[in-house]
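Below is a short report on one protein model. It starts with contacts and cores, then turns to a sheet and the overall dimensions.

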Amino acid sequence: MLKPEVLNKLRAVVGNSHVLSEPEDMIVYSNDATILSAKPEAVVQPANRDEVAEVIKLAARYRIPVTCRGAATCLSGGTIPLKGGIVLELTRLNQILKIDKVNKIAVVQPGVITFDLITAVGNVGLLYPPDPSSMKESTLGGNVAECAGGPKGVKYGITRDFVLGMEAVLSDGSIIQTGNAVDGDMCGPDWTMLLTGSEGTMAVITSITLRLVPLPAVKKTMMAIYDRLEDAARTVSVTMAAGIIPTTLELMDNLSIVSVEKYLKIGLPVKAGGLLLIEVDGVLSTVEENARRVSEICKQCGATEVKIARTPQEAEDLWRARRSINPAFGQVAPCKFAEDATVPRSLVPVLVEKIMSIQEKYDVPIFNMGHAGDGNMHPTIMFDKRNKEQMARAEQALDEVHIVTLELGGTLSGEHGIGCAKAPYLRAETGATGYKIGREIKQAVDPLGILNPGKMFFYEGKLH
C-alpha cells in the first residue's frame, strides 16, 4: 500500500476517481492473459501526456515501480506488476490524433484499440496491416511495446515496420520525441526501434506515428484442407520458395479445427489433419494469378480440397474461425502456455513435426497453429494448473519448445514479448554478452530501475 501522502499527490495529478487503491481493484489489475499474477499497490489512470509525466516524476521521487498497462491482452506477463508499485493504465489516452491521406500516416495515442485504427483508416482507403488476433481488444501502445505481428505479417511485416516515431516519457519524467513522419529515420541511433518492443522497461509511450499503405483493390481468401498437418506445413515453404508472397498463410491443426468448430459451429472440416487459411491481395490480375498458383501448390503438396470464399461474408467466416482459436482453447483445458516460437519459414515443417513429438512425449494437448507464412508459430500447451502432475508435464513441454526453437535458429518471441514468462530463456538466445548489453542499455535509460522492473534482462529467477 502506498503512503497516503503519495496517493494524495497522485490524485492531485489525475483526479480522485482515477487513482484506485482498494483491495478488490488490486486483484483485478494483478493479471494479464497469462496464468501469472502480482498485485500492484495503486492503479493510476492518466488522461494525457502531461499527467503521465507528472505521475512518473512522483514515482521517481519516491522510487516507486511503474508498470504500464493497456488492455492487458499480453501473453508474456509484460503487464504483471512484479514489484508492486503503480500500474499505469493508459486506456484514457485513446484518441486517433491524425490520419494524413497524402503522406499516409496516422498519429495515435497508446490507448487506441488496434481494430479502431484499422477501421478508421480503411474508411479513407488506407490500410494499417499489423492485425494480431487480439486486435479488437488490444491497444496500439501494447502492440508497439511488444512488437506485435499478425496474419498479414508474411507480406506487409509486423508492428516495427510501421512505427515511424513516437513521443515517450522517460523514467525521470522528461519527454522524448523519436523518429519523424517522413521515413522514421533521425540522426544518430534509431531510438524509435530501441523503444519498440522494449515492453515498457525504458519509457512510457504517449503517442505513436504510424506508416499506412494503400488499401488493396481486391483480395481472395482460400482454405486448403489436408489429411496430414505435415503436408500443410510443407506447403508454406514450397509457396514461398516459388516466389509468391501471399498476404497471409495461417496454419491450423486438427485440435484447433475441432475446438473452433465446437465453439462457432460454422462447418469447419473436423476430420482434417490440418488446414491453411490463405489470402492474396493486390490488383485483380495479380490476385487471380497468385490465387491460381497457390491453389496448384496446395494440391501438389497434398491438399484434398481448396475452397475459395465466394463472398465477403464467407471470407469473414474463415477469418472468424482463425481469430476464435483463443476463446476456443477452453474446450480443451482451463489453462495454457501460449507461445510464439518463430523460426525461418523454411523450417516451419520441422518445427511442426517437433511440436507434434513434444505433445506425444509429455502427453499434453498442444495447439499447433500460427502465422506460418513468416515462421511465427503459436504452439499452445493446454493444462489444468489444479492438476500438479499435468502442469509439471506442461512445463517440461514448454521448456522443450523453447529449446527446439532456438536450436532451429529461431527466436523466443515473434510478437508476444519476453516479459517474465520467457525471461528465463532470454540469455540462451542473446548469449552472455548480448544479455549484459541489454542490461546496460536498460540501466542507462532507466537508472532508477522503476519502469516495469523484473522483466526481460532483469528477471531474477534461474536463467537457462
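Contact here means heavy atoms within 4.5 Å. The model is predicted: local features need pLDDT of at least 70, side-chain atom pairs count only at pLDDT 80 or more, and totals for chains, interfaces and linings use all residues. Residues are numbered from 1 along each chain as its sequence is written, and side-chain values use heavy atoms, with hydrogens and water left out.

Cysteine 298 contacts Ala224, Tyr226, Thr235, Ile278, Ala303 and Val306, leaving aside neighbours within four places in sequence. A nonpolar core is a set of buried Ala, Val, Leu, Ile, Met, Phe, Trp, Tyr and Cys residues joined through side-chain atoms within 4.5 Å. Buried means under 20% relative accessible area, exposed over 50%, partly exposed in between (1.4 Å probe, protein chains only). The largest core has 46 residues, and Cys298 is among those that touch the most other members. A second, separate core of 26 residues includes Val44 and Leu88.

Helices (H or I, at least four residues) and strands (E, at least two) are DSSP runs, numbered from the N terminus. Two strands pair if DSSP finds at least two bridges between them. Strand 1 runs antiparallel to strand 2 (residues 42–44), joined by 2 bridges. Valine 19 stands opposite valine 44.

Overall values for the protein follow.

| Property | Value |
|---|---|
| C-alpha span along principal axes | about 70 × 60 × 45 Å |
| Buried share of the 464 residues | 56% |
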